[in-house]
Amino acid sequence: MKLWLPDRTYFEPEALNYPLGKKIYEFCQDKSIEILQTTSHNQVRGIPGKDEKAKFANAKRTLVVGTKKNLKLDVCKPSAHYQFSLMTNCPGNCEYCYLFSTQGKRPYVRVYVNIEEIFDTIDKYIEKRLPKITLFEAASTGDPLAVEHITGALKKTIEYFGILKNGRLRLVTKFANIDPILEAKHNKNTKIRFSINSKFVIDNFEHNTDNLKERLIAAEKVSKAGYPLGFIIAPIIRHDNWKTEYKVLFERLHQHISFAKNDEITFELIQHRFTSAAKKVILERFPNTELEMDERIRKKKYGKYGRIKYVYTKEEAEEIKEYLSNLITKYFPNGKIEYFT
Ligand code: SF4
């Protein structure tokens, strides 16, 4: 596991009015990371690169520190009621990244320093649903664990949820940078899920993320620290030999997590999908990608804001669902499948 460090960090002017902004500034000074100013993340200029591919690679090594201005929370079906962002984008470089549809033009990593204002917003959304419990997803616009060694914001958020009666936090990660949050007073109000996949998918498509073994060791630690634990298998891809490879994945998972077999471990299953906008960006960034994105053999599915996604046919999706559900029942009889989509 190699912790990500940016080559350069841009600060929006108001970021330095917040303690977290100052802390990140000092972190960058300490690590001799180039510090630059920008009036807004939209105005970031000067990321080097002779072509689109090089610019993209350098953007992934760029951090922008600012405030979250739009504090209206989006709904986050099916995994939670709402989603909020401590950051946007991530240092990983997955070829299928779900952020390509929305963040394709702005791939630099952004972190937000006005976390107290974000917490106030969370309180308001909890109040609206009282006395019900409200679930919040913290990783739908990026992977906050990937920058936790720089910000410490996730630990603060976990501890904030730790004292909430009616709020629960969920996050998902492909990183193993778990040590900064192991000691957090979570009060079991935060569920940590690890995104895992077949060897073929991880080796071919998940660049600059931690490998499966590192994620499984991190999952073990998380479970031993008393956090509720879950796994997201996404995107499930019907590559050559997919059945054998997903079986091996569950065997390995079982080897690491069998000590927690009596706990309720949750599984979220998400088949591969793509939008036309994402496909265009993926082909620009990864011209030799082996990702299958052939609209002619896929089924159309209408998503949020009427966006068309391409998923597997009904029969193929049902085969995936049945096969993986059987593996879960076999290896984790107490496991709970939260959804397949
Ligand atoms: S780890 Fe997640 S957010 Fe980061 S590049 Fe991969 S899919 Fe995208």
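The crossing of α9 and α10 is right-handed, meaning that the near helix is turned clockwise from the far one by less than a right angle. This is a predicted model, where local features need pLDDT of at least 70, side-chain atom pairs count only at pLDDT 80 or more, and totals for chains, interfaces and linings use all residues. Residues are numbered from 1 along each chain as its sequence is written, and side-chain values use heavy atoms, without hydrogens and water.

Helix α9 spans residues 212–224 and helix α10 residues 242–257. Helices here are DSSP runs (H or I, at least four residues), and strands are too (E, at least two), numbered from the N terminus. The two pack at about 35 degrees, with axes 9 Å apart. Axes are lines fitted to C-alpha atoms over the stretch in contact, and angles run from 0 to 180 degrees between N-to-C directions. Contact means heavy atoms within 4.5 Å. From α9, Leu-212, Lys-213, Leu-216, Ile-217, Ala-219 and Glu-220 meet Leu-249, Arg-252, Leu-253, His-256 and Ile-257 in α10.

Now the cavities. A cavity is a set of points on a 1 Å grid over the protein atoms alone where a 1.4 Å probe fits but cannot get out; lining residues have an atom within 4 Å of a point. Points join across faces, edges and corners, and volume is the space filled by probe spheres set on them. Three cavities reach 30 Å³ or more. Eleven residues line it, and Phe-56, Lys-60, Asn-89, Cys-97 and Phe-100 are the closest to its centre. The second largest cavity has about 40 Å³. Its lining includes Leu-86, Pro-144 and Leu-154.

Technical notes
1 Å grid on protein atoms, 1.4 Å probe; cavity = no way out; pocket = protein on both sides within 12 Å on 5 of 7 lines; lining within 4 Å.
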